[in-house]
Amino acid sequence: MTRTTYHYEGGLLVPRRKLLVSALAAGAGSVLGFPALALDSKPLKGVTLNTSLYSSPYSKLLRPWIPEFEEATGAKVNFDTPGFPVYNQRADLELSTKGAAFDAVNVTFIYSSRWINSGWLTPLDGYINDPNKTPANFDIRDFLEGALAPERGRDGQLYGIPWQAEVTIAAASRFDVLKQSGLAFPDTTDAWLEAAKLLNRKERAAGFVTDNHYGWTFIPFLQAFGGDVFRKAPDDLFPTLDSPEAIAAADYFARLLREYGPDGVVSYTSDQAVQSLKAGRSHLSVQGQINLSQLADASSSKVAASAAWGQVPKGVAGRFPGTAIHGWGIPVGSKNKDAAWQFIRWATSKETLQRAVAAGYGSPTRRSDIDSPIYRERQRANGYDIAALVTASVDLSAKQGHMKYRTVAAYPQVDQQINKAIELIVTGQRTPEQAMKQAQTASIAELRRAGVSV
């Protein structure tokens, strides 16, 4: 039996095998972008590519499609997808040695500055600008500028091709209950606290929930209060976690969790927080849109008909949505750089990413995907346009530059101190002032150990 797969193009599903053959026969290049190849050509025959990407919705979509790349090119692809913490630990160690274990890797957002500016990744501009290696229809300008910016080094060159643009947004699982109480969707930190207090224990649900990666979920509140992680990243990396604004933000955020969160909230992962919302056991949340958009899925969410979405709440200093950009990069130690680029180009091509969006992928990086009818329609629910919230947040982040703290090479160490501080406050082991001063002292020590002058 002939295996037929399908490809989403121009709003239509067409047989992928037919598309591949016709494009090759026409000499115009296949969906993989190899121009004028003979039908039996295997340009990467004998090449084994070792690739690694942390486990994610995108990696799960990509895995069953990789045999198509192998069939068309002759390459063999080893696709490693460990959990996020394990991936980062392995990749950081391997890249730091400039080893050849991997040919293509995820450029993790919080490590991007360290990996790029340490010279551990290969600049991609030469590949992108070479018509023999990259066809015009790859169209690097189609990617959101806010997604490309973190992939650039100090030299201005591009070191990663973004496959995920995640932003923090806000959601209410039972907005009907909020409306019945006479309140609109909360847009400010004051309104957010009022709503969490009012909703808490109504319909036997907690007022607020989020995941316990506070170095991600707390920061929009920290910045809204006028605080920040560093004095002026990336140039001045003196931490400012013990400022009056930071202490006030920590007190506020910990109160949301302690007084209005579900039991055991400090142990909640992102998946547990989402499941709590989808089951109607929690009312309000600020998390990544890839998580909160799941509230609209009628097949798995009990609150699909009552959910509402908005941007992260603004405070006295403004609005500061978190953004996390992940991209494909080539380690400087790879022995198969040209083949690795062919794989990356395929994995982030318009065709592959359109196909992912058609299959339900919710964090696209290409403007054409975000503007596509299929994505727009899926991201509309109950009169809310989640896609518009995402693009507005990415654009705002690029304009304000408030995410520079998260691309600092040593931020992961500071991130852990923030996680610890919020947990200590929520559990009552430290006052906000004590916990944030402890985080400040520990962060300075961590930065100095990492060779940062503070």
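Modeller: Happy to. Keep in mind that this is a predicted model. Where shall we begin?

Biologist: Let's start with tyrosine 384. Buried, exposed or partly exposed?

Modeller: Tyrosine 384 is partly exposed, since its relative accessible area is 23% and the cut-off for buried is under 20%.

Biologist: How many aromatic pairs are there in the structure?

Modeller: The structure has 23 aromatic pairs. In one of them, the ring centres of phenylalanine 175 and tyrosine 384 are 6.5 Å apart with the planes at 85°, so that pair is edge-to-face.

Biologist: What about phenylalanine 343 and tryptophan 346, what sort of pair do they form?

Modeller: A tilted one, with 5.6 Å from centre to centre and 45° between the planes. Phenylalanine 343 and tryptophan 346 are 3 residues apart in helix H15 (residues 337-347), so about one helical turn separates them. Both are buried.

Biologist: Why is H15 described as largely enclosed?

Modeller: Because 9 of its 11 residues are buried.

Biologist: Good to know. Which residues make up the ring cluster?

Modeller: Ring pairs join Phe208, Tyr214, Phe218, Phe221, Phe225, Tyr252 and Phe253 into a cluster.

Biologist: Changing topic: which residues touch the most other members of the largest nonpolar core?

Modeller: That core has 132 residues, and the ones touching the most other members are Trp192, Phe218, Phe230, Trp309, Trp328, Phe343 and Tyr411. Helix H12 (residues 244-260) gives the most to the core, with 10 residues. As a general point, nonpolar side chains tend to be buried together in soluble globular proteins.

Biologist: Pick tyrosine 411. What does it touch, leaving out residues up to four places away in sequence?

Modeller: Tyrosine 411 touches Ile110, Gly215, Ile219, Val229, Phe230, Tyr405, Arg406 and Ile418.

Biologist: I also noticed glycine 160. Where is it placed?

Modeller: Glycine 160 lies in the loop between helix H7 (145-148) and strand E6 (161-172). It counts as buried, because its relative accessibility is 0%. Beyond neighbours within four places in sequence, glycine 160 is in contact with Val107, Leu124, Glu151 and Trp328.

Biologist: Now zoom out. How many helices and strands are in the chain?

Modeller: The chain has 21 helices and 14 strands. Its radius of gyration is 23 Å, close to the 22 Å from the globule rule for 454 residues, so the chain is as compact as a globular protein of that length. The C-alpha trace spans about 70 × 50 × 35 Å along its principal axes.

Biologist: And how much of the chain is buried?

Modeller: Buried residues account for 56% of the 454. As for contacts between residues at least 6 apart in sequence, 72% join residues at least 24 apart.

Biologist: Great, thanks for the tour!

Technical notes: Residues are numbered from 1 along each chain as its sequence is written. This is a predicted model: local features need pLDDT of at least 70, side-chain atom pairs count only at pLDDT 80 or more; totals for chains, interfaces and linings use all residues. Side-chain values use heavy atoms; hydrogens and water are left out. Rings of Phe, Tyr and Trp (its six-membered ring) pair if their centres lie within 6.5 Å; planes under 30 degrees apart count as stacked, over 60 as edge-to-face and the rest as tilted. Buried means under 20% relative accessible area, exposed over 50%, partly exposed in between (1.4 Å probe, protein chains only). Helices (H or I, at least four residues) and strands (E, at least two) are DSSP runs, numbered from the N terminus. A nonpolar core is a set of buried Ala, Val, Leu, Ile, Met, Phe, Trp, Tyr and Cys residues joined through side-chain atoms within 4.5 Å. Contact means heavy atoms within 4.5 Å. The radius of gyration is taken over C-alpha atoms; the globule rule is 2.2 Å times the number of residues to the power 0.38.
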